[in-house]
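My notes follow in the order I looked things up.

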Amino acid sequence: MSDLKEKKQGFKDSLKSMDTEETFDLIFYRPIGYMWALLAKKFGITPNAITIASIFIGIAAGVCFFFNENCSPWINFFWWNIIGVVLLVWADSFDSADGQLARMTKQYSRLGRILDGLSGDFWFAAIYVGICLRENMTSEFFMAHRWVIWVVAVSTGIIHGIQASMADYYRQFHLYFLKGENGSELERADLLREKLNSLSWGRNFGQKIVLFFYTNYTLNQEKRTPNMQKLRSKLRERYGNAIPQDFRDRFRTKSKPLMKYTNILSFNTRTFALFAAILIFRMPWLYFVFELTVLNGVLIYMMWRHERFCKEFTKEFN
């Protein structure tokens with residue numbers, strides 16, 4: 001019985017927080033990810049190695065989604081698409097495992113955070129290319145106007161990057177108030193820039209190039225959240241890093257209802273829509289429409305809500 005309790009506690013400790021977890025992840029991806037993490041820990045595999053493996057698996061999934069009814073007769077495109085679904089689910093279970101392993105073994109790094117963020121971008125870049133090539137072979141409209149689907153895909157990719165970036169940022173901000181600095185990966189662009197300027201391109205090229213992209217990533221997040229940054233500044237002036245628990249609790253009350261929107265903008269909702277567009281409707285381009293309309297609407301609403309209550313909290317310091 002004690003062994004079962006220990007395993008349950010180990011699984012719970014591998015999660016970021018119950019506030020930010022999605023129900024489907026808790027039921028499906030997190031248990032699978034935990035098993036991968038335990039296996040990786042046993043063999044000394046690092047979180048970054050799991051992340052890199054997930055990139056290749058996700059790209060393979062994108063290749064499988066290219067296959068369609070106009071491919072060679074010997075290719076059963078439906079089963080290739082099913083294999084793509086399986087591979088994408090596998091990639092996401094690895095994406096869950098790398099974070100769980102990092103929390104289990106305390107192997108945190110900025111490189112790991114960057115790789116984790118980029119992994120999904122690589123998956124969906126491959127998926128977008130697969131969809132574009134597929135539509136140029138199967139759709140009369142896109143065969144006649146081949147450039148259209150590529151323009152739509154690039155636009156969707158840019159929006160996708162913003163959606164994922166902001167969902168992650170709001171989640172980290174929530175974790176900062178819930179768990180403090182040690183429980184969050186929330187960064188400040190000004191401090192990152194100072195660190196970046198202190199490094200030499202000659203002596204610290206690898207470290208500096210990683211920090212360069214990470215600093216710009218963080219800076220873009222801050223530019224999109226002016227009221228949040230004003231609140232951070234006021235809190236820093238008043239309390240430093242010792243924000244009172246009462247304020248943390250009040251912020252959490254406002255922020256927690258928005259965590260469901262960060263989850264919608266993450267993986268599961270996207271893949272359900274992708275699988276439906278490819279396997280059920282047989283019109284993969286519908287997935288681009290879903291990202292550009294539904295998910296973008298969720299992003300705008302989430303940002304508006306968050307900025308509004310950050311502004312309300314900031315007024316208390318005037």
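**Notes on a predicted model**

Leaving aside neighbours within four places in sequence, I find R30 in contact with F11, L15, E21, D25, S96 and Q100.

I checked where R30 sits, and it belongs to helix α2, residues 23–43. Is R30 buried or exposed? Its relative accessible area is 16%, and the cut-off for buried is under 20%, so R30 counts as buried.

Nonpolar side chains in soluble globular proteins tend to be buried together. Here the largest nonpolar core has 60 residues, and I noted F65, L88, F247, F251 and L274 as the ones that touch the most other members. Helix α14 (residues 285–315) gives this core its largest share, eleven residues. I also found a second, separate core of six residues, with I114, L196, L211 and Y214 among them.

Neighbours within four places in sequence aside, F247 is in contact with F177, L231, L235, F313, E316 and F317.

Last, I went to the second largest pocket, which has a volume of about 350 Å³. It is lined by 17 residues, and Y176, E181, R188, R232 and N241 are the closest to its centre. What is the lining made of: how many nonpolar, polar and charged residues? I get eight nonpolar, three polar and six charged. Helices α7 (146–179), α8 (189–198) and α10 (226–239) each supply at least two of the lining residues.

Conventions. Residues numbered from 1 in each chain as written. Predicted model: local features only at pLDDT ≥ 70, side-chain atom pairs only at ≥ 80, totals over all residues. Heavy atoms only, no water. 1 Å grid on protein atoms, 1.4 Å probe; cavity = no way out; pocket = protein on both sides within 12 Å on 5 of 7 lines; lining within 4 Å. Points joined across faces, edges and corners; volume = space filled by probe spheres on them. Helix = DSSP H or I, 4+ residues; strand = E, 2+ residues; numbered from the N terminus. Nonpolar A, V, L, I, M, F, W, Y, C, P; charged D, E, K, R; others polar. Core = buried A, V, L, I, M, F, W, Y, C linked by side-chain atoms within 4.5 Å. Buried < 20%, exposed > 50% of the residue type's maximum accessible area, 1.4 Å probe, protein only. Contact = heavy atoms within 4.5 Å.
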